[in-house]
Amino acid sequence: QVQLVESGGGLVQAGGSLRLSCAASGRTFSMYAMGWFRQAPGKDREFVSRIMWSGGNPYYADSVKGRFTISRNNAKNTVYLQMNSLKPEDTAVYYCAAVGFRGASRGDYSQPGNYDYWGQGTQVTVSS
């Protein structure tokens, strides 16, 4: 099992920045990829970004490309999401998720159903 705990959410004005952190514990050696998703009220959970645990290779949704940056610190078992130039439409609960090693063949890590572990979420609110 892998446990994920997000932090860093909050209220920020449009154009501002936040950095989210996701700390992993437990069987972290079994992680294959980690991702960030978000869910606004009344909407489906939406892919934001993902990174491969060993090889990097970050990937972003078009809506955040050029504004958000995902990174990882393997020594600290932590993944970050640096969010710049925030917009009111970025307002959502942000979730961290992880793919276990058995999920290495799933391929499409933009789909929430391909993730094995989830954090509790952290609220990001961007005011206009």
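Buried means under 20% relative accessible area, exposed means over 50%, and partly exposed covers the range in between. N57 has a relative accessible area of 49%, so N57 counts as partly exposed. The model discussed here is predicted.

N57 is part of strand β6. Its backbone stands out: phi is near 50 degrees, a positive value in a residue other than glycine. S85 is another such case, with a positive phi of about 50 degrees although it is not a glycine. S85 sits in the loop between β8 and β9. Its relative accessibility is 42%, so S85 is partly exposed.

## The four-stranded sheet

Four strands form an open sheet in the order β1-β3-β8-β7, and their pairing is antiparallel. Its edges are β1 (2-7) and β7 (68-73), each of which pairs on one side only. Neighbouring strands of this sheet are turned by 15 degrees against each other on average, direction ignored. As a general rule, strands of a sheet pair through backbone hydrogen bonds, either parallel or antiparallel.

How many bridges join β7 to β8? There are six, and β8 spans residues 78-83. The two strands run antiparallel. T69 has Q82 of β8 as its bridge partner. S71 has Y80 of β8 as its bridge partner.

β7 and β8 make a hairpin, with four residues between the strands. N77 lies in that turn and has a positive phi of about 50 degrees.

## The nonpolar core

The largest nonpolar core has 37 residues. Which residues have the most contacts inside it? They are L4, M34, W36, F68, L81, M83 and Y94. Several strands give two or more residues to this core: β1, β3 (18-26), β4 (31-39), β5 (46-52), β7, β8, β9 (92-100) and β11. β9 gives the most, with six residues. In soluble globular proteins, nonpolar side chains tend to be buried together.

M83 shows what such a residue touches. Leaving aside neighbours within four places in sequence, M83 is in contact with G16, S17, L18, L20, R67, F68, Y94 and V124. Among these partners, F68 and Y94 are also listed with the most contacts inside the core.

## T122 at β11

T122 belongs to strand β11 (residues 122-127). Is T122 buried or exposed? Its relative accessible area is 11%, so T122 is buried.

A polar atom of the T122 side chain lies 3.2 Å from the backbone nitrogen of G9. Not counting residues up to four places away in sequence, T122 touches E6, S7, G8, G9, L20, A92, V93 and Y94.

## Salt bridges

The structure holds five salt bridges. One of them joins E46 and R38, with the closest N and O atoms 2.8 Å apart. E46 is partly exposed, with a relative accessible area of 34%. R38 is buried, at 5%.

Another salt bridge brings together the side chains of D90 and R67, at 2.7 Å from N to O. D90 lies in the loop between β8 and β9, and R67 in the loop between β6 (56-60) and β7, so the pair ties together parts that are 23 residues apart in sequence. D90 is buried at 0% relative accessibility. R67 is buried too, at 10%.

R106 and D116 form a further salt bridge, with the closest N and O atoms 3.0 Å apart. Both lie in the loop between β9 and β10 (117-118), ten residues apart. R106 is partly exposed, at 33% relative accessibility. D116 is partly exposed as well, with a relative accessible area of 33%.

Notes
Residues numbered from 1 in each chain as written. Predicted model: local features only at pLDDT ≥ 70, side-chain atom pairs only at ≥ 80, totals over all residues. Heavy atoms only, no water. Pairing = 2+ DSSP bridges. Axes fitted to C-alpha atoms, helices over the stretch in contact; angles between N-to-C directions. Buried < 20%, exposed > 50% of the residue type's maximum accessible area, 1.4 Å probe, protein only. Polar contact = N/O pair within 3.5 Å; in protein donor to acceptor, adjacent residues only side chain to side chain. Contact = heavy atoms within 4.5 Å. Core = buried A, V, L, I, M, F, W, Y, C linked by side-chain atoms within 4.5 Å. Salt bridge = Lys/Arg side-chain N within 4 Å of Asp/Glu carboxyl O.
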